[in-house]
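Dear colleague,

I am passing on to you the structure that follows below, together with my notes on what was found in it. Please read the notes with the structure open beside them.

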Amino acid sequence: MPFFAPSTHGNEPAELASFLDQQCAQLRTTVHGLTDEQVRAAPTVSGLSLAGLLAHVAQVVHASLSSVAMAPRTFELSQYAELNERIGLDGIFGGAETPDLSRDELLAVYDRGTALIRDPTVRDVPLDREIPLPDAPWAPPDFHIDARWMWLHLCTEVARHVGHADIIRETIDGATSFDLNDAVDAAEHTAE
């Protein structure tokens, strides 16, 4: 059932990773069967594209989980360029820009950006460990978070963007997430 994250029977760090991984998989599914041009299209008044959403989520997940992994050291804003270069989005910051990448290139970047979800060194960070926020416009001064908050925040942010992606995809060709999950499942069974 693609809409349900697998249960890990009470293992909270694994549950959080499972929910985030499931949301990221749903976002990835929204580009199934689309052309490069359709992935870069911005068919709604928002100006959002599936390419921009994939790039943004890859950046946010990778940077946020990198900050969890390196805590208690402070994650510096300047490290975004290094992280973006590592996953293949050098020169793109914040996800507002639509990357000039093919769908397959973008999915490879996305997969590199979200791979930390399944990394045991990130998942095994104690959930009550404080995560210092960078000095950035979106990080309020004197705002304190822990690893649990970061995982929950990522789940909610990615879920919001999955909703954006669903609307964009339906605008492009009418496909719904139910249709797309079935199509991806059929493609995976055919490949086996």
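Apart from its neighbours within four places in sequence, Thr-114 is in contact with Cys-24 and Val-61. Please bear in mind, for this and for everything that follows, that the model is predicted. Thr-114 is part of helix 5, and with a relative accessible area of 5% the residue is buried. The C-alpha atoms of Thr-114 and Arg-169, by contrast, are separated by 21 Å, and these two residues stand 55 residues apart along the chain.

Another residue of helix 5 is Gly-113, which is buried with a relative accessible area of 0%. Once its neighbours within four places in sequence are left aside, Gly-113 is in contact with Ala-58, Val-61, His-62 and Ile-87. Between Gly-113 and Leu-89 there are 9.5 Å in space, C-alpha to C-alpha, while in sequence the two are 24 residues apart. Ala-108, also found in helix 5, is partly exposed, its relative accessible area being 30%. From Ala-108 to Arg-123 the distance is 22 Å, C-alpha to C-alpha, although they are 15 residues apart in sequence.

How do helix 1 and helix 5 pack, and at what angle? Helix 1, which covers residues 12-29, and helix 5, which covers residues 103-114, pack at an angle of about 175 degrees, and their axes are 12 Å apart. An angle over 145 degrees counts as roughly antiparallel, and helix 1 and helix 5 are therefore roughly antiparallel to each other. On the side of helix 1, the residues that meet the partner are Cys-24, Leu-27 and Arg-28, and on the side of helix 5 they are Leu-107, Tyr-110, Asp-111 and Thr-114. Sorted by class, this contact of helix 1 with helix 5 has 4 nonpolar, 1 polar and 2 charged residues.

Helix 1 itself has 18 residues and reaches 26 Å from its first C-alpha to its last, which is close to the 26 Å expected at 1.5 Å a residue. Among the residues that are buried in helix 1 are Ala-14, Leu-16, Leu-20, Cys-24 and Leu-27, and the buried set also includes Glu-15, Gln-22, Gln-23 and Gln-26. The elements that cover the buried residues of helix 1 include helix 3, helix 5, helix 6 (120-123), helix 7 (147-173) and helix 8 (177-191). Phe-19, which is found in helix 1, counts as partly exposed at 45% relative accessibility.

Where does Thr-30 have its place? Thr-30 is in the loop between helix 1 and helix 2 (36-40), and with a relative accessible area of 2% Thr-30 is buried. If its neighbours within four places in sequence are left aside, the contacts of Thr-30 are with Leu-50, Ala-165, Asp-166, Arg-169 and Leu-180.

Helix 3, made up of residues 50-70, has 21 residues and reaches 30 Å from its first C-alpha to its last, close to the 30 Å expected at 1.5 Å a residue. This helix 3 is mostly covered, since 20 of its 21 residues are buried. Ser-64, which is found in helix 3, is buried with a relative accessible area of 11%. Leaving aside its neighbours within four places in sequence, Ser-64 has contacts with Met-150 and Leu-154.

How many aromatic pairs does the structure hold? The structure holds 1 aromatic pair, and this aromatic pair is formed by Phe-143 and Trp-149, with 5.6 Å centre to centre and 75 degrees between the planes, in an edge-to-face arrangement. Planes over 60 degrees apart count as edge-to-face, and the 75 degrees of Phe-143 and Trp-149 are therefore described in that way. Phe-143 is partly exposed, with a relative accessible area of 36%, and Trp-149 is likewise partly exposed, with a relative accessible area of 34%.

With kind regards

Conventions
Residues are numbered from 1 along each chain as its sequence is written. This is a predicted model: local features need pLDDT of at least 70, side-chain atom pairs count only at pLDDT 80 or more; totals for chains, interfaces and linings use all residues. Side-chain values use heavy atoms; hydrogens and water are left out. Axes are lines fitted to C-alpha atoms, for helices over the stretch in contact, and angles run from 0 to 180 degrees between N-to-C directions. Helices (H or I, at least four residues) and strands (E, at least two) are DSSP runs, numbered from the N terminus. Angles under 35 degrees count as roughly parallel, over 145 as roughly antiparallel, 65 to 115 as roughly perpendicular and the rest as oblique. Contact means heavy atoms within 4.5 Å. Ala, Val, Leu, Ile, Met, Phe, Trp, Tyr, Cys and Pro count as nonpolar, Asp, Glu, Lys and Arg as charged, and the others, Gly among them, as polar. The expected span of a helix is 1.5 Å times one less than its number of residues. Buried means under 20% relative accessible area, exposed over 50%, partly exposed in between (1.4 Å probe, protein chains only). Rings of Phe, Tyr and Trp (its six-membered ring) pair if their centres lie within 6.5 Å; planes under 30 degrees apart count as stacked, over 60 as edge-to-face and the rest as tilted.
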